[in-house]
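Subject: Structure for your review

Dear colleague,

Please find the structure below, followed by an account of what was found in it.

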Amino acid sequence: MTAHMPDMNDGRTSGRRKEPPLPGDRPKALRLSRQTGMVMGMIVILALLPLALGDSNYTMRLLVVSMIWGGVAIAWDLLLGYAGIFNLGQIGFFAIGAYTSAMLSENAGINPWWGLLAGAATGGIIAVLIGLPCLRLAGIYIALLTLAFYEVLAPLLTVGAAIGTGGKRGISPVTPYSIGGYTFSGSNQIPWYYLALGLFIVCLAVGFFAINSRFGTSFVALHDSESFAQSLGISRYKVSLLIVGLSGLMTGLMGAFYAHYTGVVSPRVLGLEVFIYLVIMVLLGGIGKFPGPAIGAFIIIFVNDWLREFDRWRLLIFGALVVIMVMLAPRGMMGAIDSVQAAVRRRRESRPVEPGAEETP
Amino acid sequence: MREFIEVLITGFTIGIVYFLVAVGFTLCYGVGRVLNYAYGSFFTWGAYLAWVIAVGYASLNYFLVFIVVLPIMFLMGLAVDQVIIRPLRSRPEFEFSVLLATLGLAVFLDNLVLVIFGPRTKSLPAFLEGSVKIGGFTISWQLLAMFAFALVVAVVLFVFMAKTRTGMSMRAVAQDPVGARIVGIPLYRVFAITFGISTLLCGAGGILLAPRFFMTPLGGWTFLVKALIIVIAGGLGSIKGTLYASFILGILEAIVGWKLGLLWVMPFWFLVLFVILLVRPAGLFGATARKG
């Protein structure tokens, strides 16, 4: 019994169905401006929020964590929602970024600021190395191999105590950043917050340009008609590899920041808990609905904090929520907004024309 | 040398149990195109249900454990297929949706175990005590019982696939779903039965391996990954490939565990997987993993 993947509709999976464009579908330029508006709005709100919050360190901390995961969620969504690459090893890139930066600053005494660059670089390089063999395979094999990579990384980091990963306990404490004699500390979240915001903006910008540039358009072309796109000289392998590298870079960057922000890295980052949180952030925000996944990250971090007292039940709830979301709202919040808008528009289109309105002589 | 052969025997036994676990996974994909990421959780559930019956609440005989737990696992599989997988089949991105849904299900099931049984590790006692000497080798009864039971299940599975109508329709669907539907095979029923059988096999593996490893609510993930590696190495959807890969990796596990310690097992498995994929990108007996 061997696996084969017939392209025709065989009842196991129905073929790719494309929705016909709605009569009142907005032109692309306008759609783009909604995206721009949301990104700009997020940046402005986040930049001004500390003024409104005063010195609530706790809320600030939640916001910093949200921005870290928001960046990762955007990076992951580039692969899942735009490039159609079922990568399940995203947290692996995050851990690699975190470990690189922490190991450089703790074992080699290198300034943590360089760790940001180094973490991003290793994240990107490892992602490309994983991508090189994986991207030649069919989608489902990518999901299998990247999950295996993710699952094996924690044992490897535990075994790797010899090269300075700190084994099971990880590395702690990790030196915080310092600038011109001022050292960042937990008691004042403002510097952390604005640094995180800067990195988050980097992720938003990379995501935005990756989606709206020629580069992002090539994925749309490949999705619509692979052979035609290829005849125009678009190589799926090359663009996929590029976007995997880019995604790994963003994730590694956030990982590096995370290591110094929390002051500890251990194989626990690779825990299932973190993974499922990331999944639900992206699902809730909407896969392929930039910048939805980032908004999903903010919501999940705050809801999770709010559900703190349910402790043991939290993951149970989130697990069930993932199943329900996949079944009922596969495109998340942003997808729901889209379909409501589409329904409203359809209604408007089908409204009977008032008599005499059009037949004026 | 004698020790080495004993290790080989252990590896062979682990191999056949891994085969049971992995073949359920590959069957599910080969027939129904379902990659079940909740597979590890079914493993955990099998082990915990066995614990409930044999240790926790009713100290029943081991034999009864199988008779009670396996049908429960089968019904669980049917229910998951009907409630979660079937409604997703009309989706354009069916495989990806199933992947995410089963991932959520896995977290749900694992944490249900955690809420019910608590985070402390549990262990099942061995089925049988003592050991036997065969031709100078010492083999524990436990290992022999494990081997015998796994062998029985594997043989029953092969006969089922080869001789019964249901088994034949499963193979037909795996080969050509359109053709199978034309000759009147009820596709959705076959999908459901396949899913049930796959969770049953996984539960059987859980019961058999529970006395060997400690049980924790998140312990199933290791076995999901092991099943994944075996299945990729053997070729996704191929039963023959799964058989060979299980034995190769089972024996490797025994040798590595004996020489270097269990922590090194996964890195070595990865190395072997990597080498196999370099030579044959679709696994040992896979048709094709490359895209069109």
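In which helix of chain B does B:G56 have its place? B:G56 belongs to helix α2(B), residues 39-56; helices here are DSSP runs of H or I of at least four residues and strands are E runs of at least two, numbered from the N terminus.

Please note that this is a predicted model, in which local features need pLDDT of at least 70, side-chain atom pairs count only at pLDDT 80 or more, and totals for chains, interfaces and linings use all residues. Residues are numbered from 1 along each chain as its sequence is written, while chains are lettered from A and ligands numbered from 1 in the order in which they are written.

B:G56 counts as partly exposed because it has 13 C-beta neighbours inside 10 Å. By definition, 20 or more other C-beta atoms within 10 Å make a residue buried, 12 or fewer make it exposed, and partly exposed lies in between, with C-beta atoms placed from the backbone. Between B:G56 and B:K122 there are 9.7 Å in space, C-alpha to C-alpha, although they are 66 residues apart in sequence.

The contact between the chains

Chain B contributes 55 residues to the contact and chain A contributes 46; residues are in contact if their C-beta atoms, placed from the backbone, lie within 7 Å. On the side of chain B that touches chain A, α4(B) provides the largest share, 16 residues. That side consists of 39 nonpolar, nine polar and seven charged residues. Here Ala, Val, Leu, Ile, Met, Phe, Trp, Tyr, Cys and Pro count as nonpolar, Asp, Glu, Lys and Arg as charged, and the others, Gly among them, as polar.

Packing within chain B

The axes of α1(B) and α9(B) come within 9 Å and cross at roughly 75 degrees, and the two helices are therefore roughly perpendicular to each other (65 to 115 degrees; axes are lines fitted to C-alpha atoms over the stretch in contact, and angles run from 0 to 180 degrees between N-to-C directions). Residues making this contact include B:F25 of α1(B) and B:F223 of α9(B).

In α6(B), the buried residues are B:S169, B:M170, B:V173 and B:A174. They pack against α1, α5, α7 and α8 of chain B.

The hairpin

Strands β1(B), residues 131-134, and β2(B), residues 137-140, run antiparallel and are joined by four bridges; pairing requires at least two DSSP bridges. B:I134 is opposite B:F137, and B:G135 in this hairpin has a positive phi near 50 degrees.

Yours sincerely

Definitions and conventions: Two residues are in contact if their C-beta atoms, placed from the backbone, lie within 7 Å. Angles under 35 degrees count as roughly parallel, over 145 as roughly antiparallel, 65 to 115 as roughly perpendicular and the rest as oblique.
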